[in-house]
Amino acid sequence: MDQQMTNPTHVERLSDREFAVTRLFDAPPGMVFKAWSDPQLFRRWWMPKSVSGVSLVSCDMDVRTGGRYRLEFGMGDQTMAFYGKYLDVVPDQKIMWTNDEGEEGAVTTVTFEGQGEKTLVRFHEAYPTKEALEEALSGSAAGLPEQFDQLAELLATAEA
Amino acid sequence: MVQFQPANLDASFAALSDATRRGVLAELGRADASISSLADRFHMTLTGMKKHVHVLERAGLVTSEKVGRVRTCRLGQHALAAEAEWIDAQRKLFEARFDALDAILEDMKQEEKSGSAND
């Protein structure tokens, strides 16, 4: 059988505290929304183990405005939980949620835009401060210009 | 992972110890800029800004190129490599995620087809 070409995934840093990911899917918005809001479907794709190295242990989601979610991931014998609240849910169009596991968590907004029989998904994450984004990215080494602020501060502290 | 070479580390830290230079990096993260526009932006003389840019260049954080009378500055390899690496890591995760989502959407389409065929 032919292997269908997958659509490209675009990642863009929009500002010092926001980034966005976009991709076109060959399915109507209602279907993509369902895959994103039904926990049995969502858990099958959200955290691919091949890339993240973690597996989804449990997945509770009440996808409606004011509802809550809690995802637990396992790595070895460690587990970590991610949780938050749905701020705004418009069926087939939009899901917006908080990430409350940290002190300065991002607000994530996913929109589903119909384009004929396809759907343009836009995943947007906004952190309250640039430091919070840098901290979330700190796994990716000393680099982004804004992260230098923290490095310099660290150095100043070490010298004092 | 992007790692600074030890020899560069001192130069990088020295370059980063100054608020204006950190501001210049943040500014260049948004767009390339000429030395004179950076001088304007940070309310300093051309000579003063040239000195800052020179320190950043030595640390590999900025490169500059003179075309005609204008010297344009952009983020150097070290700054760019880290930004590119972060973007790349995000893209890999989301690609894997969305490929898996594609497969599930295919399943859903098949189910919908067989479901409506049974109606």
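A: The model is a predicted one, and the part to begin with is D92(A), which is placed in the loop between strand 5 (78-90) and strand 6 (94-98) of chain A. The phi of D92(A) is near 70 degrees, a positive value in a residue that is not glycine. Most residues other than glycine have a negative phi. A residue counts as buried when 20 or more other C-beta atoms lie within 10 Å of its own, as exposed when there are 12 or fewer, and as partly exposed in between. D92(A) has 15 other C-beta atoms within 10 Å, and therefore it is partly exposed.

In chain A, eight strands form an open sheet with antiparallel pairing, and their order is 1-2-8-7-6-5-4-3. Strand 1 (10-15) and strand 3 (55-61) of chain A stand at the edges, and because each has a single partner strand, one side of each is left without a neighbour in the sheet. From one strand to the next, the twist averages 20 degrees.

Strand 2 (residues 18-25) of chain A runs antiparallel to strand 8 (residues 118-126) of chain A, and eight bridges join the two. Within this pairing, V21(A) stands opposite F123(A) in strand 8 of chain A.

A helix also belongs in the picture. Helix 1 (residues 29-37) of chain A lies across strand 2, strand 6, strand 7 (107-115) and strand 8 of chain A, and it runs at about 155 degrees to strand 7 of chain A. The loop between strand 2 and helix 1 of chain A holds P28(A), which, with 19 other C-beta atoms within 10 Å, is partly exposed. Leaving aside residues up to four places away in sequence, P28(A) touches G114(A), E117(A) and T119(A). P28(A) and E113(A) are 85 residues apart along the chain, while their C-alpha atoms are separated by 8.9 Å.

From here we can turn to the nonpolar residues. The largest nonpolar core has 25 residues, and those with the most contacts inside it are V32(A), A35(A) and L105(B). Strand 2, helix 1, strand 4 (68-75), strand 6 and strand 8 of chain A, together with helix 5 (77-118) of chain B, each supply at least two residues of this core. A35(A), again not counting residues up to four places away in sequence, touches L41(A) and F42(A), and it also touches L101(B), I104(B), L105(B) and M108(B). There is a second, separate core of 16 residues, which includes A15(B), M49(B), L56(B) and L75(B).

H43(B) has a positive phi of about 50 degrees although it is not a glycine, and it lies in the loop between helix 3 (35-41) and helix 4 (46-58) of chain B. With 8 C-beta neighbours inside 10 Å, H43(B) counts as exposed, whereas D92(A) is partly exposed.

Strand 2 of chain B is joined by six bridges to strand 3 (residues 70-75) of chain B, and the two run antiparallel. In this pairing, E65(B) stands opposite T72(B) in strand 3 of chain B.

Note on methods:
Residues numbered from 1 in each chain as written. Chains lettered and ligands numbered in written order. Predicted model: local features only at pLDDT ≥ 70, side-chain atom pairs only at ≥ 80, totals over all residues. Helix = DSSP H or I, 4+ residues; strand = E, 2+ residues; numbered from the N terminus. Pairing = 2+ DSSP bridges. Axes fitted to C-alpha atoms, helices over the stretch in contact; angles between N-to-C directions. Contact = placed C-beta atoms within 7 Å. Core = buried A, V, L, I, M, F, W, Y, C linked by C-beta atoms within 7 Å.
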